[in-house]
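Please follow the account below with the sequence and the model side by side. It begins with the surroundings of a single residue and then widens to the chain.

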Amino acid sequence: MAQLDTDTISAIATPPGRGGIGIIRISGPAVSEIAKSICSGLPEARTATVANFLSEDETVLDSGIALYFPAPNSFTGEDVLELQGHGGYQVINTLLRRTLECGARLARPGEFTERAFLNDKVDLLQAEAIADLIDAGSEQAVRSAMRTLQGVFSARVEELVNQLIAIRVNVEAAIDFSDEDIDVLANTGVADALADAKQVLVAIFKQANQGALLQEGISVVIAGAPNAGKSSLLNALAGNESAIVTDIPGTTRDLLKEQLSLDGLPVHVTDTAGLRESGDQVELEGVRRAREVISRADRILLLIDVTTIDINDSDFLNDALKLLANEQDINAWLSEHADRLCVVINKTDLIDGLVNGQASTIYQEHTLTSFHISAKQGQGIDAIKSYLQRSCGFEAMAEDGFIARERHIQALKEAEKLLHSALSGVGKQLPLELVAEDLRLAQQSLGTITGQVSSDDLLGEIFSSFCIGK
């Protein structure tokens, strides 16, 4: 566990630039002395006080409102002073320098929230939820982050931890009374309790997975040959003219990114350069970058111009898949990537009698999801949006939903594996010491979620991603 720093820290808590109000936040043991130097006295606790903010020679640097929160009843659990002045760049930075002259040091990113965590004002889940609330990209993400901040996720994890503690007590008792003619495990229903705990964990995992999707979203790459309509599809998905659309092949030579929100699900869409051989060095670099993002994407929309193929020919996918596989065997490539590939047949408005919508495309032994669309006319776009939500298992969040991160998902997966091992050990009548160890490790894994078990490296990674001043 990181040690609490006793320095007094200061930072600008409002966004950089020009604004009506600029706020300096100060936390630590020297707050009262700094307040006396800058405000000519310590403001009344938790009362907005009009004050002049003074330099060392008592020149007025700015005027505004001072708010003083004495420990432990503050955000950080320490003495906290907020100076709310005018939001001009020079004004707020001059005031910040004045706090540093009075003995504070510049806060690290996330250090105020880190101190709140170390002073037991929030647990680690709630601390992370503060950053997630700031970064929320949709109204649903805001609501879910607030529920995590209010302790909904923490309460679910704590409830499960308490279940595991109760089971561990019975298992340890069985170990202690192993010489007695008493079946402690059967008498206390350990197997049933483990099964119940596993069900609770699975339910938490399902909610956390939805929360992680809400926080992280999915990455989608639009790929295909030049002039297949990739930029038109990006524009149709985004609902605006983000990409330049022309009849000239190779118009897009670099990556063009847009972020969408599909019922709260963040979708990061990338339009790429057309995949083809070229002697143009700029276009070749665009193709290289396209292949790089394709390799990392959660979903690939392979766009094909219907006017360039015979849609009734079962091998119409050959050329397009060769572009994606990039000299690999197509079947080998599909075996690894088919679950994230969607075939999109575009420009259906140019072919009479072709109905837009979802279909299944068979390529040898692989069944691929496919859509017929007209990106130019906006036909079939809603079906692709629905597919993107379904394919990653996203559902509209319930009222008790919460935000989550990838590290929470991994911790829950590890705990689920250990609970499964413990339940199996009880059923196979393995040595109870092994069952007890599985339960201890499962509890420890859950403890990393809320910060009951943490390391300095983990805390440093989490809080370094916060804003300075938060």
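In this predicted model, serine 10 touches, leaving aside residues up to four places away in sequence, Ile24, Arg25, Ile26, Leu96, Thr99, Leu100, Ala104, Arg105, Leu106, Ala107 and Phe112. Serine 10 belongs to strand 1, which spans residues 9-12. Its relative accessibility is 0%, so serine 10 counts as buried, the limit for that class being under 20%. With one of these neighbours, threonine 99, serine 10 forms a side-chain polar contact of 2.9 Å.

The charged end of arginine 25 sits over the ring of phenylalanine 112, at 5.5 Å from the ring centre.

Aromatic rings also pair with one another: with ring centres required to lie within 6.5 Å, the count is two aromatic pairs. In the pair of phenylalanine 153 and phenylalanine 402, the ring centres are 4.2 Å apart and the planes meet at 10°, so the pair is stacked. Because phenylalanine 153 lies in helix 6 (residues 152-176) and phenylalanine 402 in the loop between helix 13 (381-391) and helix 14 (406-427), the pair ties together parts 249 residues apart in sequence. Phenylalanine 153 and phenylalanine 402 are both buried.

The view may now widen to the whole chain. The protein chain contains 16 helices and 13 strands, and 48% of its 470 residues are buried. Among its contacts with a separation of 6 or more, 68% are between residues 24 or more positions apart. The protein chain exposes about 22,400 Å², of which carbon and sulfur atoms supply 49%.

Definitions and conventions. Residues numbered from 1 in each chain as written. Predicted model: local features only at pLDDT ≥ 70, side-chain atom pairs only at ≥ 80, totals over all residues. Heavy atoms only, no water. Phe/Tyr/Trp six-rings, centres within 6.5 Å; stacked < 30°, edge-to-face > 60°. Helix = DSSP H or I, 4+ residues; strand = E, 2+ residues; numbered from the N terminus. Buried < 20%, exposed > 50% of the residue type's maximum accessible area, 1.4 Å probe, protein only. Lys NZ or Arg CZ within 6 Å of the ring centre and 35° of its normal. Contact = heavy atoms within 4.5 Å. Areas by Shrake-Rupley, 256 points an atom, 1.4 Å probe, with all protein chains shown as cover. Polar contact = N/O pair within 3.5 Å; in protein donor to acceptor, adjacent residues only side chain to side chain.
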